[in-house]
Amino acid sequence: MQLYVPLNFLGFVYLQLNQGLVDMEQMFSLLRVNQEIKDRPGAVQMAPQGPPAEVRFEDVKFSYNPDRQILNGISFSVAPGKKVALVGPTGSGKSTISRLLFRFYDTTEGAVFVDGTNVKDIAQQSLRAAIGVVPQDTVLFNDSIFYNIAYGKPGASVEEIEQAARLAQIHDFVVSLPQGYKTKVGERGLKLSGGEKQRVAIARTILKNPRILILDEATSALDTATERKLAPR
């Protein structure tokens, strides 16, 4: 036993060390990747909190590959506090528009403006901090419901989190659970239904209180009654 136990432990340490070296190599390879979208010198800092922002697309053209045009001269504007719906078939470029607004990509031609400033002149971190997104495929952490909602605004109070849950129509469901807000949601939210996951994501975004809100079929898994209660908000 005096020989076997240390050898067994040494094998475990060797395995962990090898795995750590592989992970470090992958991390360093990521750090070596050239960043295509960079902030310009003297980029403007956009306030993450404040009144709703104006969004304007002016003759925007974009393609992921030169041989396939995705957007061909699209122009529209969204006034502060107003709603605009983008409707179209799959592959028509609806999600691409949100990626351009986030500045994950730069436009091929034309420009995207937020409050009259070209997004290319805004610091990426501050721009993304001012935008909230509720996707159709909600990603949740393997942690409590409280943690997943609070992720929208680190340092938020319990009262703020519960108020956001009420507005998202999920507070009553959460408090009915044996562990309440401490209930674990499982990996990627497996322990919740599709509608419950979407309402957690909506509560997270309400808590963030962004200046620009993007909803990508955010209520596709909700029943009609709940969807109507959320609509005015």
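Analyst: First, a definition: on a 1 Å grid over the protein atoms alone, a cavity is a set of points where a 1.4 Å probe fits but cannot get out. Its volume is the space filled by probe spheres set on the points, which are joined across faces, edges and corners. This is a predicted model, in which local features need pLDDT of at least 70 and side-chain atom pairs count only at pLDDT 80 or more, while totals for chains, interfaces and linings use all residues. Residues are numbered from 1 along each chain as its sequence is written, and side-chain values use heavy atoms, with hydrogens and water left out.

User: How many cavities of 30 Å³ or more does a search of the whole structure find?

Analyst: The search finds one. About 40 Å³ of space lies in the largest cavity.

User: Which residues line the largest cavity?

Analyst: The lining, meaning residues with an atom within 4 Å of a point, consists of L100, R103, Y105, D106, T107, V112, N118, V119 and K120. By type, four are nonpolar, two polar and three charged. Here Ala, Val, Leu, Ile, Met, Phe, Trp, Tyr, Cys and Pro count as nonpolar, Asp, Glu, Lys and Arg as charged, and the others, Gly among them, as polar.

User: Now the strands. What does strand 3 pair with?

Analyst: Strand 3 (residues 109-114) runs antiparallel to strand 1 (residues 55-62), joined by five bridges; K61 stands opposite E109 in strand 3. Strand 3 also pairs in the antiparallel sense with strand 4 (residues 117-118) over two bridges, and V114 stands opposite T117 in strand 4. Strands are DSSP runs of E with at least two residues, numbered from the N terminus, and two strands pair if DSSP finds at least two bridges between them.

User: What sits between strand 3 and strand 4?

Analyst: The two strands form a hairpin with two residues between them, and D115 in the turn has a positive phi of about 55°.

User: Back to strand 1. Is F57 buried or exposed?

Analyst: F57, which lies in strand 1, is buried, with a relative accessible area of 2%. Buried means under 20% and exposed over 50%, with partly exposed in between (1.4 Å probe, protein chains only).

User: Which residues does F57 touch?

Analyst: Leaving aside residues up to four places away in sequence, F57 touches I74, S75, F76, I97, L100, L101, A111 and V112. A contact means heavy atoms within 4.5 Å.

User: And how much of the chain is buried?

Analyst: Of its 233 residues, 34% count as buried.

Technical notes. On a 1 Å grid over the protein atoms alone, a cavity is a set of points where a 1.4 Å probe fits but cannot get out, and a pocket is an open set with protein on both sides within 12 Å along at least five of seven lines; lining residues have an atom within 4 Å of a point. Helices (H or I, at least four residues) and strands (E, at least two) are DSSP runs, numbered from the N terminus.
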